[in-house]
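Have the model open as you read along.

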Amino acid sequence: MQVFKAYFKVMRGAVATLSINLCVFLALAVLFSFIAPQVQPVGFEPSRIPVAIINRDKEGEVSQGLAEYMEKVCKVIECPDDPEKLQDALFHGQVKYVAIIPPGFSDAFLSGEDCVIQKVIVPGSAEGYYVDIIINRFLDTLDLYRMYGGVGEEDSLPRLIASAMEDLAVETPVTIIGETVISEEYRPGYYYYFLYCAYALLALITMGVSTIMISFNEPDLYMRNSCSPLSKRRMNRQLAAGHTTFALGCWAVLMIGSLVMHGRNLSETGVLGLYSLNTLAFTFVCAAIGLVIGAFVRSTSAQSGVVNVVALGLCFLGGVFVPQSIMSESVLAVSKFLPSYWFVKANDAIAVLRNSNPEHLHSIHNSILIQVGFAIAIFSVALFFSKEREA
Amino acid sequence: MFWHVFVYRLKCLVRDRELVFWTLIFSILLGTLFYVAFGHLTAESARFQPIKVAVVNNEAYNQDPALQAVLKELSSAGANQMLDLLVVDDKEAEELLEEGAVSGIITAGELPRLTVKEPGIYQSILKMILDEYIQTTKTITNIVSRNPQVSGELFENLQSQNGYRRDYTEQISFSDAMPDMVLGYFYALLAMACMYSGFCGLRNAFDIQADLSDKGARRSVAPTHKMVVVLADSAAALAISFSEVLILLGYLAFVLGVNFGNQVGYVLLTCLAGSVAGVSFGTFIGTSVRGSEGVKTGLLIGSTMAMSFLAGLMWIDMKHVVALKAPWLVYINPATLVADAFYSLYIFDTHRRFFINIGMLCVISAVFCGLSFVRLRREKYASI
């Protein structure tokens, strides 16, 4: 067991780096589980576009009515009447539409003069079209009442606005067909936890495994070990046991983390088993990648560069940091040759799995098996290079 | 002597492969990954396209000329085309929806119905169009029941060109720049590269202090005035860092096509101010923090990553969230100041905010340099 014991002695030296990676992951996991929206509404809910309303016609009843109607159908965000702050909010997507109601708008509208609501939008955006319809809808309806429904004393402005509001409350019945699709904005917190597990596993396991392999492959140590009475086979067996223990340890820590943060939700939906299986398959991929890095890289300074590039590269191209649904077709075509793509594909499929649909389960199992295939292939490459070195 | 030390320092830094990897190659790789992952998601690519919709060709639809007229008007080719209409039977409509070829199905009846597969902005627009149709019918019924004498004039108006539909909105813009969130990631990346200049400052701090490295001990006993050595070292570090940031800027702007606006002089000034802040921060960590090389390097990487995170490198909304919740943090985080300087050059017509950012970067750099100077001057060692 000397080699197995030495394995963890060497690993102790890398504890600081491994802890930093783990802490970064846990911090991100906590952050994203707070940000993740909780429950998807049942049935069809029209989009509620974030809008900033700058009402410079505060006294005008039409302006007030319009603002009131927009509050019902849009998500109104409080913003100060300051172009710099409004531009910030628009650039960062905090609001998608800035509607500026100019002073005297109500009077101009009621007297039938030309009047406009100024808007600041991303030109040509769908959200812009949508909010345009909402504003025009209210003002067109009110205009019809103003022109034809306002005869007589009783038709005061508040009554016309109330009539318009009443008409605008009538809605088209909407049916949703097929299986319920969980849209990206309503993915549960644990979905993001397991998604970012890919980065944590890659960073932790490749760093740990390659650190050991670099130490054991150091020329002097390698030659010294070669002439020791311990057979090559036994030494490799103990190293393999060390790698397996370390990789499974990392996986177990992350699984415990998921139970602590999302245990209740996971047990309610019953998808913990599938997530565990998917991350376990990816754990083997990471261990195999760590072996390859350990076989190629000679110095610890080059190692951190290679580990970072490999981990970030696989995560960006596989769809961990950016959803696969918004990646371009050409990039996705290349990503299919990466194990992280199949990890994310399975992760996405598990998040939307309902009632253990056999067809979906089959595709999840396929993705997991493909990762196992990648692990075997990468492991074979590592073996080939270590044999080459021996020769 | 200044030039002699400067040239040799330059050679030392350029030949440090690890340093060049983290300060240049890593940023270029990260920029490439950003571009590959979401470079295609420009504001232009999110432009509204006419919504593909299937209409069930049933008896109710054929007997509803009003609905036909509305849908025809909205799908007529031109700048205001909102719908791309397919009139098909109900089975085909469902197939098209299932394949994702259309966003929804409109079925005429007493009240028109909408069938969709999932909620979304295009589906919401479809619903709003149908809402408009039934709401207008209700409004007209209400008006006619209240004032039957206006019905003639009302219908005449409705049938006239454009009828009652008016566009009350007018697009204005605060500047010519197109809001494009993806740009924020590249600006934060450049900010990170500027802060990574700290590695050069840190290397300098190791090689000038006798208790930290053999090289430092040898240089400390050399007859050259320490001030000359420190200035030459810092100038070399700045020259290397600034060149690396310029290479990254060139790669982002000319190879990946990232838009930095057209104020080249100010863009270069931001890169320079960012590099100065990075080098002085690295020197500060190297001189003022006690600990081994590993501790100092770890601290530099950790703090740089934290600054870049707050500047929006990992999650672009972070910069805006910090500006809303803790505005003071924006003014003391050099990475945010660099990213915000690029952003204000791109988005604003005025330079007020840009110069606040550059000014704060200069103040922060001066503070770091001052603290490092205090720590380095007249240093004596009883034993090393």
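In this predicted model, a patch of positive charge on the surface brings together K232(A), R233(A), R234(A), R237(A) and K387(A). Helix 10 of chain A (residues 232-269) gives the largest share of that patch, 4 residues. One residue in this helix is R234(A), which is partly exposed with a relative accessible area of 47%.

There's a negative surface patch too, formed by D89(B), D90(B), E92(B), E94(B), E95(B), E98(B) and E99(B). D89(B) sits in the loop between strand 2 (83-88) and helix 5 (90-99) of chain B, and counts as partly exposed at 40% relative accessibility.

Now for charges that pair up: over all chains, the structure holds 19 salt bridges. Here are some of them.

| Salt bridge | N to O distance |
|---|---|
| D81(A) and R56(A) | 2.9 Å |
| R352(B) and E84(A) | 2.9 Å |
| D340(B) and K319(B) | 2.9 Å |

D81(A) and R56(A) form a salt bridge that links distant parts of the chain, 25 residues apart. D81(A) is partly exposed, at 43%, and R56(A) is partly exposed as well, at 39%.

The salt bridge of R352(B) with E84(A) has one partner in helix 17 of chain B and the other in helix 4 of chain A, so it joins two chains.

What about D340(B) and K319(B), buried or exposed? D340(B) is buried at 5% relative accessibility, and K319(B) is buried at 8%.

Finally, a network of salt bridges links E84(A), D88(A), K319(B), D340(B), R352(B) and R353(B).

Technical notes
Residues are numbered from 1 along each chain as its sequence is written. Chains are lettered from A and ligands numbered from 1 in the order in which they are written. This is a predicted model: local features need pLDDT of at least 70, side-chain atom pairs count only at pLDDT 80 or more; totals for chains, interfaces and linings use all residues. Side-chain values use heavy atoms; hydrogens and water are left out. Patches are made of residues with over 30% relative accessible area and no salt bridge: like charges are joined within 9 Å, nonpolar side chains (Val, Leu, Ile, Met, Phe, Trp, Tyr) within 5 Å. Accessible areas come from the Shrake-Rupley method with a 1.4 Å probe; for residues, only the protein chains shown count as cover. A salt bridge is a side-chain nitrogen of Lys or Arg within 4 Å of a carboxyl oxygen of Asp or Glu. Lys and Arg count as positive and Asp and Glu as negative; His and the chain ends are not counted. The place of a charge is taken as NZ of Lys, CZ of Arg, CG of Asp or CD of Glu. Buried means under 20% relative accessible area, exposed over 50%, partly exposed in between (1.4 Å probe, protein chains only).
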